[in-house]
Amino acid sequence: MDYDVIVIGGGTAGLACAVRLLKSGKNLKIRLIDAGDRFGKKLAATGNGQGNISNLDMTARHYHGGNIPLAAKIACADPYAGARLFDCIFCADEKGRIYPAGKQASALVDDLIRSVNSLGITSCASGVKAEKISKSGDFFTVSEEGGVQNRAKFVVLCTGGKAQKQFKTDGTSYALATSLGHTLTPLYPSLVQLKTDTKYIKTLKGIRADCLVSAVCGGKVIAKSRGDVIFTEYGVSGNAVFSVSPYITDKPTATLSLEFLPDFDEKTVERSILSKIERGWELSELLSGTLHNQIGRAIIKRAVEEFACETSGLKAASTHVAVSARGAASVSKSVASVSDTVVPREIIRVLKNFTLEVTGNLGFDYAQVTKGGINMGEVSDELESRLVKNLFFAGEILDVDGDCGGYNLQWAFTAGMTAADAILKRI
């Protein structure tokens, strides 16, 4: 069957593109397909199911990949651009994250699907995968599973990336573009949990802490984020970790520096520690009440061990640092004799710079987005292919990824609408 436009991919970018085309009033024949069993499935899960679609701080520094000036031009002009596709109220929280007032992402998906249907889309099908695209003359032929072939003058590829294959985004759809001559930049997981050295965090599994997290590469801090850090059996998770992960998943070596108690300076922490020393507190409990007890003991244990290794006269002291049957680190009273040298200097040093060597990440199955994609140098300012006329791209398929906080959805919405607007100019 012949169509004006075939949109391949019914996620955020594809739905935004289809709705924009349909609202033009040009009575276009449009086919929208998606390999998943439901349109917008990934959108429904965003923002912990609450629908964080954008951010008030919409600037270029929050995007990564190829041709950031173009990505920023498209995504950053209006933080509420995507919100205008919906018939509901949006508001921003104290961190600038824009949500629907009802805080329900699935309702946003329902809204878009309702728009697609009410505006009279010609053909709409989920659970349908495009297997091949070819072009002859002015028309593309899209071959679908089951031998079905459809033609269109315009094709928009919105098939997503390689992250979270449960949404049918396993990376195989990049072949639709590469078969037409486009190149694929290296792919990495982004907004993902990080594997680290676990020597000093084995007793902290499941504990959450508010930290300032710095990502360090080559001795330089390349990213910082304040927020939750969740300790796990493999390393660390939490929104602060997700936020710095885009900067380091493509780096061969990196280190995380966790600053506990970021709202308190060293002098304040020192006064608290010295007060406890004066009152005869055991070394292992000097951070009790200031931090989660398990975290405090882990910091003190590390401080004593590292001090002992650096100071030959105290090597024996570290042998008294043990782990109790309950899994909590405890420090023998015999170590208390080193308190005047270890405390507070060494404890504060570790507390403010608790380093973890990054050894990897949990991979694409756990990543929220893909870093890398179809080379942005091969598309125009309207996201049209420079290699194949009337072929457009939108969303995660391109070599653009954003920080945590609504940036990736804003890119998907605005990219989908940009491609639609370009097509409308040509019809």
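Q: What describes the packing of helix α8 (residues 293-310) against helix α10 (residues 345-352)?
A: In this predicted model, the axes of α8 and α10 come within 9 Å and cross at roughly 120°. Two packed helices are described by the angle and the distance between their axes.

Q: What is the handedness of the crossing of α8 and α10?
A: The crossing in which α8 passes α10 is right-handed.

Q: Which residues make the contact between α8 and α10?
A: From α8 come Ile299, Ile300, Arg302, Ala303, Glu306 and Phe307, and from α10 come Arg345, Glu346, Ile347, Arg349, Val350 and Leu351. The contact criterion is heavy atoms within 4.5 Å. By class, the contact has 7 nonpolar and 5 charged residues, with no polar ones.

Q: Why is Thr249 called buried?
A: Buried means under 20% relative accessible area. Thr249 has a relative accessible area of 12%, and is therefore buried. This residue lies in the loop between α6 (239-244) and β16 (254-260).

Q: What makes the approach of Thr249 to Pro189 a polar contact?
A: A polar atom of the Thr249 side chain lies 2.8 Å from the backbone oxygen of Pro189. Beyond its neighbours within four places in sequence, Thr249 is in contact with residues including Tyr188, Val192, Leu194, Asn361 and Lys371.

Q: Why are β3 and β5 called edge strands?
A: The open sheet of 3 strands has the order β3-β6-β5, with antiparallel pairing. Its edge strands are β3 (54-55) and β5 (90-92), because each pairs on one side only.

Q: What makes strand β14 (residues 220-231) and strand β15 (residues 235-237) a pair?
A: These strands are joined by 2 bridges and run antiparallel, with Val236 of β15 as the bridge partner of Phe231. Both belong to a closed barrel of 6 strands, β12-β15-β14-β13-β16-β19, with antiparallel pairing.

Q: Which strands of this sheet does α8 touch?
A: Helix α8 packs on the sheet by touching β13 (208-217), β14, β16 and β19 (354-361), and its direction makes about 100° with that of β19. Helix α10 also packs on the sheet, touching β16 and β19.

Technical notes
Residues numbered from 1 in each chain as written. Predicted model: local features only at pLDDT ≥ 70, side-chain atom pairs only at ≥ 80, totals over all residues. Heavy atoms only, no water. Axes fitted to C-alpha atoms, helices over the stretch in contact; angles between N-to-C directions. Helix = DSSP H or I, 4+ residues; strand = E, 2+ residues; numbered from the N terminus. Left-handed = near helix turned anticlockwise from the far one by under 90°. Nonpolar A, V, L, I, M, F, W, Y, C, P; charged D, E, K, R; others polar. Buried < 20%, exposed > 50% of the residue type's maximum accessible area, 1.4 Å probe, protein only. Polar contact = N/O pair within 3.5 Å; in protein donor to acceptor, adjacent residues only side chain to side chain.
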